[in-house]
Amino acid sequence: MSWKEENHGLTQTFTFKNFIEAWAFMNKVALIAEKMDHHPNWTNVYNKVQIKLSTHDAGNKITDKDRKLAAEIDKLVE
């Protein structure tokens, strides 16, 4: 799976076996995002987590901060 560039952001949908696994993933992402001081826009419905990354300080455009966070998120699901 790879991140898509659309609507001035990097987007990705992650699918898990159930809600608990999706929520655990979100908790891990939250810890990484907080350390990087770069927080995703995301939604969760049951076992799906949809994430959009863009940099608010750069006018909601894709920056290196987004690419770095996306790479860290990818490591969680490898």
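Which helix holds both Lys 75 and Glu 72, and how many residues apart do they lie? Lys 75 and Glu 72 are in helix α2, 3 residues apart, or about one turn of the helix.

## Basis of the model

This is a predicted model, in which local features need pLDDT of at least 70 and side-chain atom pairs count only at pLDDT 80 or more, while totals for chains, interfaces and linings use all residues. Residues are numbered from 1 along each chain as its sequence is written, and side-chain values use heavy atoms, with hydrogens and water left out.

## Overall layout

The chain has 2 helices and 4 strands. Their order from the N terminus is β-β-α-β-β-α. Helices (H or I, at least four residues) and strands (E, at least two) are DSSP runs, numbered from the N terminus.

The C-alpha atoms fill a box of roughly 35 × 25 × 20 Å along the principal axes. The radius of gyration is 12 Å, which agrees with the value near 12 Å for a compact globule of 78 residues. That radius is taken over C-alpha atoms, and the globule rule is 2.2 Å times the number of residues to the power 0.38. Of the 78 residues in the chain, 32% are buried. Here buried means under 20% relative accessible area, exposed means over 50%, and partly exposed lies in between (1.4 Å probe, protein chains only). Counting contacts between residues at least 6 apart in sequence, 60% join residues at least 24 apart; a contact means heavy atoms within 4.5 Å.

## Helix α1

Helix α1 covers residues 19–36, which makes 18 residues. From its first C-alpha to its last it reaches 26 Å, close to the 26 Å expected at 1.5 Å a residue. The expected span is 1.5 Å times one less than the number of residues. At the start of α1, a side-chain oxygen of Asn 18 comes to within 3.1 Å of the backbone nitrogen of Ile 20.

The buried residues of α1 are Ala 22, Phe 25, Met 26, Val 29, Ile 32 and Ala 33. They lie on the same side of α1, because they cover an arc of only 125° around the axis. The arc is that of the directions from the helix axis to the C-beta atoms. Their cover includes β2 (9–15), β3 (41–45), β4 (48–53) and α2. Exposed residues Ile 20, Leu 31, Glu 34 and Lys 35 sit on the face turned away from the buried side.

## Salt bridges

The structure holds 3 salt bridges, each defined as a side-chain nitrogen of Lys or Arg within 4 Å of a carboxyl oxygen of Asp or Glu. Glu 5 pairs with Arg 67, with the closest N and O atoms 3.1 Å apart. Glu 5 belongs to strand β1 (residues 4–6) and Arg 67 to helix α2 (residues 64–77), so the pair ties together parts 62 residues apart in sequence. Glu 5 is exposed at 55% relative accessible area, and Arg 67 is partly exposed at 41%.

Lys 75 and Glu 72 form a salt bridge at 3.0 Å, N to O. Glu 72 is partly exposed, at 28% relative accessibility. Glu 21 and Lys 17 also form a salt bridge, with closest N and O atoms 3.8 Å apart. Glu 21 is partly exposed at 32%, whereas Lys 17 is exposed at 66%.

## Positive phi angles

Most residues other than glycine have a negative phi. Tyr 46, in the loop between β3 and β4, has a positive phi of about 50°. Asn 60, in the loop between β4 and α2, has a positive phi of about 60° and is partly exposed at 38% relative accessibility. Just after α1, Asp 37 has a positive phi of about 50°.

Notes. Polar contact = N/O pair within 3.5 Å; in protein donor to acceptor, adjacent residues only side chain to side chain.
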